[in-house]
Amino acid sequence: MALTLYVDTARWRAHQQSVLQQFPGLVPVCKGNGYGFGHERLAEEAALLGTDLLAVGTTYEAARMKDFFSGDLLVLTPFRHGEEPVPLPDRAIRSVSSVEGVGGLVGARVVIEVMSSMKRHGVLPEDLPKLAAAIEDVRLEGFAMHLPLDRTDGSDAVEEVIGWMDRLRANRLPLHTMFVSHLKADELARLQQQFPQTRFRARIGTRLWLGDHDATEYRGSVLDVTRIGKGDRFGYRQQKAASDGYLVVVAGGTSHGVGLESPKALHGVMPRAKGVARAGLATVNRNLSPYVWAGKQRWFAEPPHMQVSILFVPGEAPEPQVGEELVAHLRHTTTQYDRLVDR
């Protein structure tokens, strides 16, 4: 009895191939929990795609992934002086976001991140004159730009990249490779056409692994079902049942990521109104679970436990049976399954 991630493998891989066709030379990204699939599985998928380079989040991830992927590994988190040293093979490439960082990686393979409108980290335009001398002591694999997902000011992503290409060229810095994130296929094609001597490589994670929502599905096994009457007390906190129904114990708890949510950026009146409504219901212990039964998302009877969740299913709904599975709408990047089943 488990929380299972079911994968329509043929469909999932067909989607990966479609993304590869749109973004020739793409660099698959495998970071965090491996987008819900795990590092080892995504390393296998990247190898099947024929890529020579896989991007990971941290040096710790690179140390694990080196045993699963035989190609080069690009560490996306920039090098910082004083960081804990992690032994990595020569096929590991470090990102750097400052001239000082370049100076701390003498002899290493590096990708230099420039400061985009994300304003997260990166070399600034005024640092470029000093960069030309610093790169003589490293093996430069290219430059990189991490771009924002939304452009509420109406600005153009391509123009932002072009601006940096012009600055780098004006400072006589090598432009053989530019790694980019969050560009559309047509935007990448525009850049490649304008700068034919530069190889643009898109670093893609979410779109590659999670772009076809119908290729994957989480399901939790029903472990126990208990009939309950209105006013009966239950659970850790001994709350009273508001009506007759069933307490359904289903696989999947906080250790799996069930009940955990990352903050969302809300735009527009309706999403904000729904957010206020959810917050109001939570104050009276009404929290909607990710589990679906008989066509409806069901309420948590109480907060999720470590490995299971208890749902309340009203008496007028069909009674779930032990061993059945409930579809669960879970966020891949915060979910840890018990098992993955290809089908």
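Where in the chain is the place of His332? His332 sits in the loop that links strand S17 (325-328) to strand S18 (339-342). Helices (H or I, at least four residues) and strands (E, at least two) are DSSP runs, numbered from the N terminus.

The structure is a predicted model, in which local features need pLDDT of at least 70 and side-chain atom pairs count only at pLDDT 80 or more, while totals for chains, interfaces and linings use all residues. Residues are numbered from 1 along each chain as its sequence is written, and side-chain values use heavy atoms, with hydrogens and water left out.

The protein chain contains nine helices and 18 strands. Its C-alpha atoms fill a box of roughly 75 × 45 × 40 Å, taken along the principal axes. Of its 343 residues, 48% count as buried. Buried means under 20% relative accessible area, exposed over 50%, and partly exposed in between (1.4 Å probe, protein chains only).

His332 is buried, at a relative accessible area of 14%. Its side chain makes a polar contact of 3.2 Å with the side chain of Thr216. A polar contact to the side chain of Tyr218 is also 3.2 Å. A polar contact is a pair of N or O atoms within 3.5 Å; within protein, one must be able to donate a hydrogen and the other to accept it, and residues adjacent in sequence count only if both atoms are side-chain atoms. Beyond its neighbours within four places in sequence, His332 is in contact (heavy atoms within 4.5 Å) with Leu5, Asn33, Tyr35, Gly36, Leu210, Thr216 and Tyr218.

Helix H2 spans residues 39-49. Its buried residues are His39, Arg41, Leu42, Ala43, Glu45, Ala46 and Leu49. An α-helix has 3.6 residues a turn, so residues three or four places apart point the same way. The buried residues of H2 pack against several elements, among them helix H1 (9-22), strand S2 (27-30), helix H8 (206-210) and S18. Gly50 follows H2 and has a positive phi, near 80 degrees.

The second largest pocket has a volume of about 850 Å³. A pocket is an open set of points on a 1 Å grid over the protein atoms alone, where a 1.4 Å probe fits, with protein on both sides within 12 Å along at least five of seven lines; lining residues have an atom within 4 Å of a point. A volume is the space filled by probe spheres set on the points. The second largest pocket is lined by 33 residues, of which His146, Leu149, Ser181, His182 and Arg203 lie nearest its centre.
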